[in-house]
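Biologist: I would like to go through this model with you. I will keep asking what stands behind each label.

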Amino acid sequence: ARLHTDPHYRVPLYQAWRLLALTLAQAGDALLAVRQARALSLKAFPWLGMSVLASTTLAEGLRRLIELEPLIWDAGHIELQLPADPAGEARLVWQALLPTPPAVIELALAGWVLLGPALWQIGEGDYHLGFRHSARAPLTDCSAAFGCPVHFDCADNALHFPAAWLTRELRYADPGAGALILREAQRQLALAPLELNLENHLRAHCFRALPGELPDAAALATALGIPHRHLRQLMTQHGINLRDLQ
């Protein structure tokens, strides 16, 4: 209901992760979320997806992915690692910013290989995924679900692919539209993560205070590094009642 009625609302990660865990347990299928991710398209992620879709090369698309991912969630950090040899292997690494369940990490990287091939015009299977955690299902099932070879107990959570792909021109490249979309996406991002996800930032600071006394608005403003009056204005703008949230 909140997602339908509040354009600013973001589902708290602990609730999303709990729902995912319950769903996987009920289904008895550790890879259910990855299989369902096949139904997604880049258009499901409005500003991020459309900006990547309008990119002229894979390198440009990945730069936009790295820049704009906070519009979707703020649980991880993406880094593109290039080899010294241009003919070598590039790595797109996802680093969790907080303890993250293995199923969520797999889902975070699933889009790269499930949405990527159509965008990148990849026909060859010269790429693979690596995860730091151990396998939660047979390797053959994992590879089939992700559509590429998958390895576990690796040094990083990363997509490995030939660096030569970075210069490929993308099928749907539209530089004019891409520039317009990117400007709007950057405008939204300039609101800062605090404004994009204010309710969950407030909830997190309240949660950290437990089992002691919950902080008041002045204490929360100090914790967030903004003036008390500004926090009050933001809460009014986003329709947040601190007592209800606590």
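Biologist: Which residue in strand 5 stands opposite Val 93?

Modeller: Ala 158 stands opposite Val 93. Bear in mind that this is a predicted model. Val 93 also has a bridge partner in Glu 79.

Biologist: What makes strand 2 and strand 5 a pair?

Modeller: Pairing takes at least two bridges. Six bridges join strand 2 to strand 5 (residues 157–162), so the pair qualifies. The two run antiparallel. Ala 90 is placed opposite Phe 161 of strand 5.

Biologist: And how do you know that strand 1 and strand 2 pair?

Modeller: By the same rule of at least two bridges. Strand 1 and strand 2 have six bridges, in the antiparallel sense.

Biologist: What is the order of the strands in the sheet?

Modeller: The order is 1-2-5-3-4, in an open sheet of five strands. The pairing is mixed.

Biologist: Why is one side of strand 1 and of strand 4 left without a neighbour in the sheet?

Modeller: Because strand 1 and strand 4 (150–151) stand at the edges, and each has a single partner strand.

Biologist: Which helix packs on the sheet?

Modeller: Helix 6 (residues 102–114) does. Helix 6 touches strand 1, strand 2, strand 3 and strand 5. The direction of helix 6 makes about 145° with that of strand 2.

Biologist: Now the rings. How many aromatic pairs does a search of the whole structure find?

Modeller: Five. One of them is formed by Trp 73 and Trp 94.

Biologist: Why is the pair of Trp 73 and Trp 94 called stacked?

Modeller: The centres must lie within 6.5 Å, and stacked planes are under 30 degrees apart. Trp 73 and Trp 94 show 5.6 Å centre to centre and 20° between the planes. Both values pass, so the pair is stacked. The partners are 21 residues apart. Trp 73 is in the loop between helix 5 (58–68) and strand 1 (76–81), and Trp 94 is in strand 2 (residues 89–96).

Biologist: Buried or exposed, these two?

Modeller: Buried means under 20% relative accessible area. Trp 73 has 17% and Trp 94 has 1%, so both are buried.

Biologist: Why is the pair of Phe 131 and Phe 146 called tilted?

Modeller: The planes are at 45°. Phe 131 lies in the loop between strand 3 (128–130) and helix 8 (139–146), and Phe 146 in helix 8. They are 15 residues apart in sequence.

Biologist: Which residues touch the most other members of the largest nonpolar core?

Modeller: Phe 146 and Phe 161, out of 50 residues in that core. Helix 6 gives the most to this core, with nine residues. Beyond its neighbours within four places in sequence, Phe 146 has contacts that include Val 34, Ala 110, Val 113, Leu 129 and Phe 131. Phe 161 also belongs to an aromatic cluster with Tyr 127 and Trp 165.

Biologist: How do you know that Glu 69 is buried?

Modeller: Its relative accessibility is 9%, and buried means under 20%. So Glu 69 counts as buried.

Biologist: What makes the link from Glu 69 to Trp 73 a polar contact?

Modeller: The limit is 3.5 Å. The side chains of Glu 69 and Trp 73 meet at 3.0 Å, within that limit. Glu 69 also touches Leu 48, Gly 76, Ile 78 and Trp 94, leaving out residues up to four places away in sequence. Glu 69 is found in the loop between helix 5 and strand 1.

Biologist: Why is Asp 153 called exposed?

Modeller: Exposed means over 50% relative accessible area. Asp 153 has 55%, so the word applies. Asp 153 lies in the loop between strand 4 and strand 5. Its phi is near 60°, a positive value in a residue other than glycine.

Biologist: Which peptide bond is cis, with omega near 5°?

Modeller: The one from Leu 210 to Pro 211. Pro 211 is in the loop between helix 11 (198–209) and helix 12 (217–224).

Methods
Residues are numbered from 1 along each chain as its sequence is written. This is a predicted model: local features need pLDDT of at least 70, side-chain atom pairs count only at pLDDT 80 or more; totals for chains, interfaces and linings use all residues. Side-chain values use heavy atoms; hydrogens and water are left out. Rings of Phe, Tyr and Trp (its six-membered ring) pair if their centres lie within 6.5 Å; planes under 30 degrees apart count as stacked, over 60 as edge-to-face and the rest as tilted. Helices (H or I, at least four residues) and strands (E, at least two) are DSSP runs, numbered from the N terminus. Buried means under 20% relative accessible area, exposed over 50%, partly exposed in between (1.4 Å probe, protein chains only). Contact means heavy atoms within 4.5 Å. Axes are lines fitted to C-alpha atoms, for helices over the stretch in contact, and angles run from 0 to 180 degrees between N-to-C directions. A nonpolar core is a set of buried Ala, Val, Leu, Ile, Met, Phe, Trp, Tyr and Cys residues joined through side-chain atoms within 4.5 Å. A polar contact is a pair of N or O atoms within 3.5 Å; within protein, one must be able to donate a hydrogen and the other to accept it, and residues adjacent in sequence count only if both atoms are side-chain atoms.
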